[in-house]
Amino acid sequence: MFSLNNLSFPYLRIQNQFPMPKYTLHINGSEKVVDTEPDTPLLYVLRDDLELNGPKFGCGIAQCGSCMVLIDGNAVISCIKSVGSVGDSKVVTLEGLANENGKLHPVQEALWKNKQHNVAIV
Ligand code: FES
């Protein structure tokens, strides 16, 4: 008799034999540990694992820039940057741009105003 349980069981066994590697990332001034494959795009780790939604998924092919983050002060497109290539670099997302007093960075203010404008139009 056909059963989906019979199909999924060997797959689960293989997953347990080969656990995913852990990466310690320096994100917005703190260390975060994630379990993921080395070729996972940094954008997916930021949004899905760390719940940082500042970087957006736009095109996924390095064309729109909506996933931009700063890595060691340089603008980097995170949808094509693998998490395995980040190493000890310091990553700053949109959330990390505000200062300690909570005052928004000019980029954050511009995005907030744009969002308010878009809501007002709809
Ligand atoms: S999602 Fe468009 S450049 Fe990354």
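Modeller: Let me start with the lining of the largest cavity, which by class has 8 nonpolar, 5 polar and 1 charged residues. Please keep in mind that this is a predicted model. In total, 14 residues line the largest cavity, and C59, G60, C64, C67 and C79 are the ones that lie nearest its centre. The space inside the largest cavity comes to about 40 Å³, and the count of cavities of 30 Å³ or more is 1. In general, rolling a probe the size of a water molecule over the atoms shows where empty space is left.

Now for the open kind of space: the largest pocket holds about 600 Å³. Its lining has 23 residues, with G54, K56, L94, Q108 and L111 lying nearest the centre of the pocket. The most comes from α3, which supplies 7 residues. Sorted by class, the pocket lining has 11 nonpolar, 9 polar and 3 charged residues.

Finally, a word on the packed part. The largest nonpolar core has 15 residues, and L25, I27, L42, L46, L50 and V91 have the most contacts inside it. At least two residues of this core come from each of β1 (22–27), α2 (42–49) and β3. As for I27, once neighbours within four places in sequence are left aside, its contacts are K32, L46, L50, L52, V91 and T93.

Definitions and conventions. Residues numbered from 1 in each chain as written. Predicted model: local features only at pLDDT ≥ 70, side-chain atom pairs only at ≥ 80, totals over all residues. Heavy atoms only, no water. 1 Å grid on protein atoms, 1.4 Å probe; cavity = no way out; pocket = protein on both sides within 12 Å on 5 of 7 lines; lining within 4 Å. Points joined across faces, edges and corners; volume = space filled by probe spheres on them. Helix = DSSP H or I, 4+ residues; strand = E, 2+ residues; numbered from the N terminus. Nonpolar A, V, L, I, M, F, W, Y, C, P; charged D, E, K, R; others polar. Core = buried A, V, L, I, M, F, W, Y, C linked by side-chain atoms within 4.5 Å. Buried < 20%, exposed > 50% of the residue type's maximum accessible area, 1.4 Å probe, protein only. Contact = heavy atoms within 4.5 Å.
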